[in-house]
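Open the model in your viewer and keep the selection panel at hand. Each stop below says what to select and what is there.

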Amino acid sequence: MYDLLRQACDIARTAGCSFADARYLEIDEQYLTSRDRALAHNSDNRDCGIGVRVLHGGAWGFASAPGYDAAAVDSAVASALEIARASAHALRDGGVRWAEESPWQAEYRSQCLRDPFTVPLEEKADLLIAANDRMLQNPAIKRAQGYLAFRRLRRWYVNTEGSELHSDVTSSSAMLWAVAVGDGDFQQRSWQAPSVTQGFEAFDRAQFIAEAERIAAEAEEKLTAALAPEGEFDIVTDSENLSLTIHESVGHATELDRVMGYEVSLAGSSFVTRDKLDRFRYGSDQVTLMADNTLQHGLATHGFDDDGVPGQRWPIVEDGILRGYSTGREFAHYVDQQRSRGSCRADHWSSIPIVRIPNLFLMPGRRPLTPDELIGDIEHGLYFEGMDSFSIDQWRLNFQFGGNAVWEIRHGRKTRMLKAALYQSSTPDFWNACDATCDERFWRAHGVTNCGKGDPIQVAQMTHGAAPTRFRRISICRGRN
Ligand SMILES: [Zn+2]
């Protein structure tokens, strides 16, 4: 499979490029949805093509073409060269400074014990419909929905430095949600199945049914939940809830391209400027946030990135202090690093690679601590589970997050359900208010499949995670009922 990609790199080298790489991608996707007791949608998509990137005169040129033949390769290289030559005229600062990397020859395959693309459609439909049926057995539930999504990304990568890399990664994700209607109100409760780089073996039918029953009962309970109190309270977040907060307030904030002003048009820049590295107190000494593109079953675990750099593990925040950024080879020098962190990815063969959030998670507490003990130390507070609406400013600084289900904590115990609760803070205030997180027995991963970035937008996947975590004296306000 490498021949045409080598040919692309040879043409670029002969044309005087200081660097070039070529990728061929085959993408298979399947998406099924259910509504109530029926399959509502089923689509299969196969897509393939090449992307060629050249660095000429310090400027990038990128072009892509569908399919995989000599004509497509020639036209992509010619377009990429033309773009790079045109862009070089506008350079004022000497152009791209490209971090060195060894040439690699490697293959990476994710676990896939049961290929989701060969599992019979009847079995997949039955899984969704059985879960929906369990939700609808609760008379308060008037709508039950779910989806299953599978993706296989086969990638061949060659660059002018001699790297030849192949990855074959299958990912599976699913979600269920129940809508309860009553007393002039409606409420929704959802459950996200593990979103992982694994095959159909990631899904357990008994777990789908049990979670369907639970979310149906909790959707009904939300109908009569009390309005959340307002003021300052201690809060506890579950893994899923905190995953979104990690994503928005740490993940995007520490993308080095965003810090350098390369990613402003879609969702702003970042308050985490370079002068803060190794100095800034991002959080309390309980807070260690680890990036890890080697995490088992992590959605950003693909063996290597689209700069040809192997997956790595490094701290973003260590014992509360800012220690790192997500980088690609173009950006490493901005923080005086010789080597990229290997976090530059493209979402498609027609997309140019950009710095993306890696797998990123809050490390579990070092001392044994159960959720009951964590909550037991709160007189009056709130427990947030799952994701709901959120908002964060363009600097990734001031934010508010809701929860898909929220409970009141009274005298050290989780009690009645609340609705309309939002926690409001600024990134360093929030992470500095963290005084404890449960130990590794209670740590859970949580996959994100819809991270948007770039202009034109690209959609990436990565995994976050945390154990239940406590934050002291956080401002609570009310959103929609
Ligand atoms: Zn995102």
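Select Thr-197 and show its surroundings. In this predicted model, Thr-197 touches Ser-110, Gln-111, Val-169, Thr-170, Ser-171, His-297, Gly-298, Leu-299 and Thr-301, leaving aside residues up to four places away in sequence. One of these neighbours deserves a distance label: the side chain of Thr-197 reaches the backbone oxygen of Gly-298 at 3.2 Å. Thr-197 sits in the loop between strand 7 (185-192) and helix 4 (205-223). Is Thr-197 buried or exposed? Its relative accessible area is 2%, so Thr-197 is buried.

**Asp-307**

Next, select Asp-307. Look for it in the loop between strand 10 (289-292) and strand 11 (313-318). With 1% relative accessibility, Asp-307 counts as buried. Now label two distances. A polar contact of 2.9 Å joins the side chains of Asp-307 and Arg-53. The Asp-307 side chain also reaches the backbone nitrogen of Arg-329, at 2.8 Å. Show the other neighbours too: beyond four places in sequence, the residues that Asp-307 touches include Trp-98, Tyr-157, Asn-159, Gly-328 and Cys-344.

**The zinc site**

Move to the zinc ion. Which residues coordinate the zinc ion? They are His-247 (NE2), His-252 (NE2) and Cys-451 (SG), at 2.0 to 2.4 Å. Along the sequence, the donor residues follow the spacing H-x4-H-x198-C. His-252 lies in the loop between helix 5 (239-251) and helix 6 (256-259), while Cys-451 is in strand 23 (residues 444-453), so this pair ties together parts that are 199 residues apart in sequence. Colour by accessibility here. His-252 is buried at 3% relative accessible area. Cys-451 is buried as well, with 3% relative accessibility.

Follow strand 23 into its sheet. This is an open sheet of six strands, in the order 12-11-10-15-24-23, with mixed pairing. Strand 12 (321-322) and strand 23 are at the edges with a single partner strand each, so one side of each has no neighbour in the sheet. Pick out strand 15 (residues 360-362) and strand 24 (residues 458-466): they pair in the parallel sense over two bridges. Phe-361 has Gly-465 in strand 24 as its bridge partner.

Helix 5 lies across strand 10, strand 11, strand 15, strand 23 and strand 24. Its angle to strand 24 is about 125 degrees.

**The cores**

The largest nonpolar core has 51 residues, and Tyr-282 and Trp-431 have the most contacts inside it. Helix 5 gives the most to this core, with four residues. Then find a second, separate core of 28 residues, which includes Phe-150, Ala-174, Ala-180 and Leu-223.

**Backbone stops**

Select Asp-455 and Pro-456: a cis peptide bond joins them, with omega about 5 degrees. Pro-456 is in the loop between strand 23 and strand 24.

Go on to Asp-278, in the loop between helix 6 and strand 10. Its phi is near 65 degrees, a positive value in a residue other than glycine. Asp-278 counts as partly exposed, at 44% relative accessibility.

Last, select Asp-336. Asp-336 lies in the loop between strand 12 and strand 13 (344-345). Phi of Asp-336 is positive, near 55 degrees. With 69% relative accessibility, Asp-336 counts as exposed.

Terms used. Residues are numbered from 1 along each chain as its sequence is written. This is a predicted model: local features need pLDDT of at least 70, side-chain atom pairs count only at pLDDT 80 or more; totals for chains, interfaces and linings use all residues. Side-chain values use heavy atoms; hydrogens and water are left out. Donors are N, O and S atoms within 2.8 Å of the metal (3.2 Å for Na, K and Ca); water is not among the atoms, so sites may look incomplete. Buried means under 20% relative accessible area, exposed over 50%, partly exposed in between (1.4 Å probe, protein chains only). A nonpolar core is a set of buried Ala, Val, Leu, Ile, Met, Phe, Trp, Tyr and Cys residues joined through side-chain atoms within 4.5 Å. A polar contact is a pair of N or O atoms within 3.5 Å; within protein, one must be able to donate a hydrogen and the other to accept it, and residues adjacent in sequence count only if both atoms are side-chain atoms. Contact means heavy atoms within 4.5 Å. Two strands pair if DSSP finds at least two bridges between them. Axes are lines fitted to C-alpha atoms, for helices over the stretch in contact, and angles run from 0 to 180 degrees between N-to-C directions.
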